Amino acid sequence: MVEPLLEIKKLTVSCKDEFQPLRIVHGVDFSVREREIVGLVGESGSGKSLTSLSVMGLLHRNLEAGGSVRYQGKEVLSLSEDERTGIRGREIAMIFQDPMSALNPVRTVGYQLIEALKLNENAPAKQAELQNQAIKLLQQVGIPDPAMRLKEYPHELSGGLNQRVVIAMMLANNPRLLIADEPTTALDVTVQAQILRLLVYLRRERGMSVVIITHDLGVVAETCDRVFVMYCGRIVESGPVREIFSSPRHPYTHGLLKALPRIDRKPEDLVPIQGQVPTPDELPPGCAFEPRCSRATKACSQKVPPLLGDDRQVACVNPLDGNR
């Protein structure tokens with residue numbers, strides 16, 4: 001079997017507060033293969049972004065990651081900060097939720113893009129050549145009139161164009177893995193579709209692997225090969241996107257799909273999941289979804305169900321039969 005490009009096993013994230021240490025991510029397992037687009041989905045507070053920040057080594061100093069994160073067979077969590085810097089941006093790049101917060105408002109787009117290009121060991125020394133490379137990157141991400149855009153500031157561009165600029169910066173060092181954390185947040189539907197098509201294009205043309213972190217199942221259906229459903233810091237279901245969407249087995253996945261608007265259903269047919277995601281310090285002793293689950297039994301409240309299966313996995317004592 002070919003080794004995954006990225007393999008995460010039993011990943012934990014804990015708060016190191018001396019008065020109230022708290023675990024937020026509980027033993028997450030997932031992998032990303034070469035040239036694959038993987039979706040990591042779940043409600044806000046599920047631990048999706050913390051998982052991605054652990055891979056990048058960008059956790060807040062009060063948070064600590066445990067378990068194993070292996071990139072191309074190399075353990076990442078045990079690397080020094082200098083060694084991580086050699087991977088971060090060059091091998092693994094990340095797009096953050098808000099492009100405006102990722103860009104410097106007092107620097108032009110061209111200045112910031114050229115700074116990213118200079119991190120490449122093979123970057124040309126001449127400014128004119130760097131500028132030509134920056135123009136080519138903006139062309140690759142579909143920005144019109146790239147030479148003019150280099151002279152503009154982030155506030156002069158739309159949200160969609162700023163997101164494309166951030167993607168261009170991430171591509172400056174030709175990474176093999178791109179982590180996109182809510183890449184379509186606050187964008188209108190048309191621009192969302194353009195950004196998603198761009199990610200699929202980059203996978204095809206550059207051979208990149210992509211992890212898309214989102215709460216939008218429509219994004220996953222349109223772009224991903226496999227999906228990992230996350231709830232309260234754990235993976236509760238995973239598998240090929242088509243199988244998960246056509247026959248969800250975990251009640252939480254089923255609930256997410258029932259709450260998703262569809263053109264073949266009336267708006268009043270939407271069924272929201274009752275209740276709220278519990279905070280990390282209020283998790284029940286058994287399955288975290290048990291208080292919100294209509295299929296819960298006594299066994300669900302007694303212990304956390306393990307994630308079982310091979311290509312298709314589910315963590316549930318009383319899973320559905322797979323029919324929606």
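Reader: Hey, are F30 and F228 buried or exposed?

Author: Both F30 and F228 are buried, where buried means under 20% relative accessible area, exposed over 50% and partly exposed in between, with a 1.4 Å probe and protein chains only. Keep in mind that this is a predicted model, where local features need pLDDT of at least 70, side-chain atom pairs count only at pLDDT 80 or more, and totals for chains, interfaces and linings use all residues. Residues are numbered from 1 along each chain as its sequence is written, and side-chain values use heavy atoms, with hydrogens and water left out.

Reader: OK, and how many aromatic pairs are there?

Author: The count comes to 4. Rings of Phe, Tyr and Trp (its six-membered ring) pair if their centres lie within 6.5 Å; planes under 30 degrees apart count as stacked, over 60 as edge-to-face and the rest as tilted. F30 and F228 form a tilted pair, at 5.3 Å centre to centre with 50° between the planes.

Reader: Where in the chain do F30 and F228 sit?

Author: F30 is in strand β2 (residues 22-32) and F228 in strand β9 (residues 226-231), so the pair links distant parts of the chain, 198 residues apart. Helices (H or I, at least four residues) and strands (E, at least two) are DSSP runs, numbered from the N terminus.

Reader: Which residues form an aromatic cluster?

Author: Y231, Y252 and F289 form one.

Reader: Switching topic: what does R203 touch?

Author: Leaving out residues up to four places away in sequence, R203 touches R35, E36, I37, M208 and D225, with contact meaning heavy atoms within 4.5 Å. R203 is found in helix α8 (residues 189-206).

Reader: Why does R203 count as buried?

Author: Because its relative accessible area is 18%.

Reader: Now pockets! Which residues lie nearest the centre of the largest pocket?

Author: E7, S31, R33, R226 and D310 do, out of 21 lining residues. A pocket is found on a 1 Å grid over the protein atoms alone, as an open set of points where a 1.4 Å probe fits, with protein on both sides within 12 Å along at least five of seven lines; lining residues have an atom within 4 Å of a point.

Reader: Which strands supply at least two residues each of that lining?

Author: β1 (6-15), β2, β9 and β10 (234-240).

Reader: And which residues lie nearest the centre of the second largest pocket?

Author: G89, M94, L119, M169 and M170, and the second largest pocket is lined by 20 residues. Its lining takes at least two residues each from β6 (92-95), α4 (109-118) and α7 (159-171).
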